[in-house]
Amino acid sequence: MNAAPAPAGPTRAPVSTGRAILNTVKGSAGNLVEWYDVYVYTVFATYFEAQFFAPDDRNSTFYIYAIFAVTFIMRPIGSWFFGRFADRRGRRAALTVSITIMSACSFLVSVMPTREAIGMWAAVILIGARLVQGFATGGEYGTSATYMSEAATARRRGFFSSFQYVTLIGGHVLAQLTLLIVLAVMPVEAVEDWGWRIGFFIGGIAALVVLWLRRTMDESLSEEHLEAVRSGTDRDSGSLKSLLTSYWRPLVWVFLVTAGGTIAFYTYSVNAPTIVKTAFGEEGAVAATWTNLLGLIFLMLLQPLGGLLSDRIGRKPLLVFFGIGGVLYTWVLITFLPQTQSPLDAFALTAVGYVILTGYTSVNAIVKAEVFPARVRALGVGLGYALANSVFGGTAPAVYQASLTGGGVTWFIVYVTAVIAVSLTVYIFFMRNRAETPLDREQGSAWTTLQDAPHR
């Protein structure tokens, strides 16, 4: 399944390579900052957990990761809101609003009082800020995946759309790098006391820069599409009813495609770095951070290569490669990584996992954007992803922490492997390779752009 039937509608002009590069940079910059704001929480979590929960509470680490998981409840709501917004008012407007919300929440966390000052209300405020950020992130994913797929040249959609995960992983890299710099210039005690705030403050400042940048990005929806919405002649764009009645099959397909990929992504790129930090202990904190940083950079650099390969051989072979690799390798990673004491061994174990993961992440955006028409693309991509992400992906760190407490790590491995296996079945039996898609059929009228507006 590579495309859903799409009625004829407004189309877009072919995109020049130069324009595609410019818009990819502008679109992905915001994605970078928003995901930095997501991951700076997990990277600094072990340093600020005592500021919100009692240090003698043996469940404090679980609570911190549970807050991370709870924020994923808001992602489907954010995907619905911003998906409808983007399909009716444009991708640029939706992306601008989402980055504004992320910036405000990052600033709030960077200055908020802690447990010592206001007791349990500190945790309540933290949860509230993270829930709002989850709402904004839910809108960011679907809209940016849609925008970067539409902003790409026809023969390089895999390559250009892969930069969504370049910047998503890049956000994690920047969060790790921020921690490394902070640890290099101040003692651990200072980081635990107030230095953790620096990471969140940087996220807020960076978001303001991206907010300015996004105001000048091209709009990938045609002017005809937007005018039809404004005039009331198009009432189906961004409609949840239309999505659930006419495009429910691709929506379910996106959910199943995402399930295995998202649980693997959070297991390999969030749980694995946490395992490395735990295995190395406080004495090896810097070595662990360097190991995790280099591993994530490696994963980030793999994404364009995977995207280019998918443009040549199709998306399906990469997804099947990921599915088979994930089913076979998850046990190896989770079993042997906690036993490593060598940075080289830890890097090697995670690097193999990242090569496997690239089969999913590099084509993750484009395979979903290709199954929906423009009128419900941001809504369909975002909602299908967010639902799977909320159920399987965002909960993976908390489920793993719970398995450690309860001595059930083997069951965690079985759980992750089974979910990947379900997605692998979908990749093999319910996906066609290199089929014509709605994106291929959307050709014609020019994009709207601030720079070109006087010449229209």
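The model is predicted, so local features are reported only at pLDDT of at least 70 and side-chain atom pairs only at pLDDT 80 or more, while totals for chains, interfaces and linings use all residues. Residue numbers start from 1 along each chain as its sequence is written, and side-chain values use heavy atoms, with hydrogens and water left out.

The expected span of a helix is 1.5 Å times one less than its number of residues. For the 16 residues of α3 that gives 22 Å, and its end C-alpha atoms are 22 Å apart, which agrees. Just after α3, Gly-90 has a positive phi of about 110°. Buried residues (under 20% relative accessible area, with exposed over 50% and partly exposed in between, using a 1.4 Å probe and protein chains only) in α3 are Arg-75, Pro-76, Gly-78, Ser-79, Phe-82, Gly-83, Phe-85, Ala-86, Asp-87 and Arg-88.

Now bring in α17 (residues 377-393). Helices α3 and α17 pack at about 175° with axes 8 Å apart; the axes are lines fitted to C-alpha atoms, for helices over the stretch in contact, and angles run from 0 to 180 degrees between N-to-C directions. That makes α3 roughly antiparallel to α17 (under 35 degrees is roughly parallel, over 145 roughly antiparallel, 65 to 115 roughly perpendicular and the rest oblique). On the α3 side, the contact (heavy atoms within 4.5 Å) includes Arg-75, Pro-76, Trp-80 and Asp-87, and on the α17 side Arg-377, Leu-383, Tyr-385 and Leu-387 are among the residues involved. By class, this contact has nine nonpolar, five polar and four charged residues. For that tally, Ala, Val, Leu, Ile, Met, Phe, Trp, Tyr, Cys and Pro count as nonpolar, Asp, Glu, Lys and Arg as charged, and the others, Gly among them, as polar.

Two residues of α17 are worth a stop. Leu-387 sits in this helix and, at 36% relative accessibility, counts as partly exposed. Leaving aside residues up to four places away in sequence, Leu-387 touches Pro-76 and Phe-255. Its C-alpha atom is 36 Å from that of Pro-343, 44 residues apart along the chain. Gly-384, also in α17, counts as buried at 1% relative accessibility. With the sequence neighbours up to four places away left out, Gly-384 touches Leu-251, Val-254 and Phe-255. Gly-384 and Leu-305 are 79 residues apart in sequence, and their C-alpha atoms are 26 Å apart.

On to the charges. The model has seven salt bridges, each being a side-chain nitrogen of Lys or Arg within 4 Å of a carboxyl oxygen of Asp or Glu. One of them pairs Arg-377 with Glu-150 at 2.7 Å, N to O. Arg-377 lies in α17 and Glu-150 in α6 (residues 121-150), so the pair ties together parts that are 227 residues apart in sequence. Both Arg-377 and Glu-150 are buried.

Arg-315 has two partners to look at. The closest N and O atoms are 3.0 Å apart in its salt bridge with Asp-311, and 3.0 Å apart in its salt bridge with Glu-370. Glu-370 counts as buried at 5% relative accessibility. Salt bridges that share partners also join Asp-87, Arg-91, Glu-150 and Arg-377 into one network. As for the rest of the Arg-315 group, Arg-315 is buried at 10% relative accessibility and Asp-311 at 13%.

Helix α6 has another packing partner, α8 (residues 163-185), at about 140° with axes 9 Å apart. The two are therefore oblique to each other. Tyr-141, Ser-144, Ala-145 and Met-148 of α6 meet Phe-163, Gln-164 and Tyr-165 of α8. This contact has five nonpolar, two polar and no charged residues.

Last stop: helix α2 (residues 60-70), where Ser-60, Ile-64, Tyr-65, Ile-67, Phe-68 and Ala-69 are buried. The buried residues of α2 pack against α1 (17-48), α6, α12 (248-280) and α18 (396-406).

Methods
Helices (H or I, at least four residues) and strands (E, at least two) are DSSP runs, numbered from the N terminus.
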